[in-house]
Amino acid sequence: MDRRNKDRQTGAAGKRRRMIQVLWAFLTNSYLVGFVQGKIYRGKLKNLCVPGLNCYSCPGAVGSCPIGAMQAVIGSWNFKFAFYAAGFLMFIGALMGRFVCGWLCPFGLIQDLLYKIPFLRKINTFKGDKLLRKLKYVILLVFVILLPMFLVDVLGQGLPYFCKFICPAGTLEGGILLVLFNESMRGALGWLYAWKSVLLAVTILLSVVIYRPFCKYICPLGAVYSVFNPIAVFRYRIDKEKCTGCGACARVCKMQVDPAKNVNHAECIRCGACKDACPVKVIY
Amino acid sequence: MIRLIRSSRIGIIVAAAGLLIMGCGISRGEMLVVFEKAVNICMECVGIG
């Protein structure tokens, strides 16, 4: 199936999803003064986590990133486990699984938009793709949990290793704008900013060629939610008796899932393309 | 609705457990740590320090 047909089949579901993605990204980044002044929101809403990957240092952010929150608590001197963030992820995950990735994550929206940029040959899959998708679980375990927990300073404080060395969302949503507006920050730029800028550039370029590379291979938040996909309250169901096995759902899936085989696969981000493409409407 | 609840019992139990765990974290004062981190620019996150 060529790309034009693929896009046409995902059109109706795609438009509704895009509207909600934009609306949610705006709602959770509605501190517009921050974008103008290069400052961040310091109000009480920052006590609360948002479901998606949304850096709390983004000038517009009105909530906290759950992955950042988890590392902040694990890495603090007086706590060694983050019950608040873990409970939040469990609650959201058990309610909707990776629906968050497909509908409520601003960084997912950015990648969706980047993938719309025309390119000679988009890559759907490659050798080692399946194995590489396990990387996000390793990143979750090592950089979000173990390193902040055990690699600590004399006071027992650990760094947010994922945010510091891997996450390009902070550079894109916060770093670029804050550095532009803040002269003293510009003076403090060093190798870390350069490293994160390279990571961001690679993520942006890859997002043009591969659908959501950060979500597929790197994102620890997606890794957490993926565990809850099969048991989530709001998950997909399929009427296997009525399924004709035509394969239309698998062909439109940009995450390379075959819903006829496993409708709640860990990689499914609930974009709804399969529901829209099904000729006999057995996915609901 | 009843069908949804019946077919999602595990999800509902896990979500409730998540709320309990969240409450446990809040009672320990973890929210304050998150708040303090979130209202100051996270130098590590933006790539400065």
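Buried residues, meaning those under 20% relative accessible area with a 1.4 Å probe and protein chains only (exposed is over 50%, partly exposed in between), make up 39% of the 49 residues in chain B. The model is predicted: local features need pLDDT of at least 70, side-chain atom pairs count only at pLDDT 80 or more, and totals for chains, interfaces and linings use all residues. Residues are numbered from 1 along each chain as its sequence is written, chains are lettered from A and ligands numbered from 1 in the order written, and side-chain values use heavy atoms, without hydrogens and water.

**Chain B**
- Chain B has 4 helices and 0 strands, where helices (H or I, at least four residues) and strands (E, at least two) are DSSP runs numbered from the N terminus.
- The C-alpha trace of chain B spans about 50 × 25 × 15 Å along its principal axes.

**Helix 4 of chain A**
- In helix 4 (residues 66-74) of chain A, 9 of its 9 residues are buried.
- These buried residues pack, by contact (heavy atoms within 4.5 Å), against helix 5 (83-96), helix 9, helix 10 (161-165) and helix 15 (220-228) of chain A, together with helix 3 (30-38) of chain B.

**Residues of chain A with accessible area**
- Val138(A) lies in helix 9 (residues 135-150) of chain A and is partly exposed, with a relative accessible area of 46%.
- Lys130(A) belongs to helix 8 (residues 129-132) of chain A; Lys130(A) is exposed because its relative accessible area is 72%.
- The C-alpha atoms of Lys130(A) and Leu45(A) are separated by 38 Å, with the two residues 85 apart along the chain.
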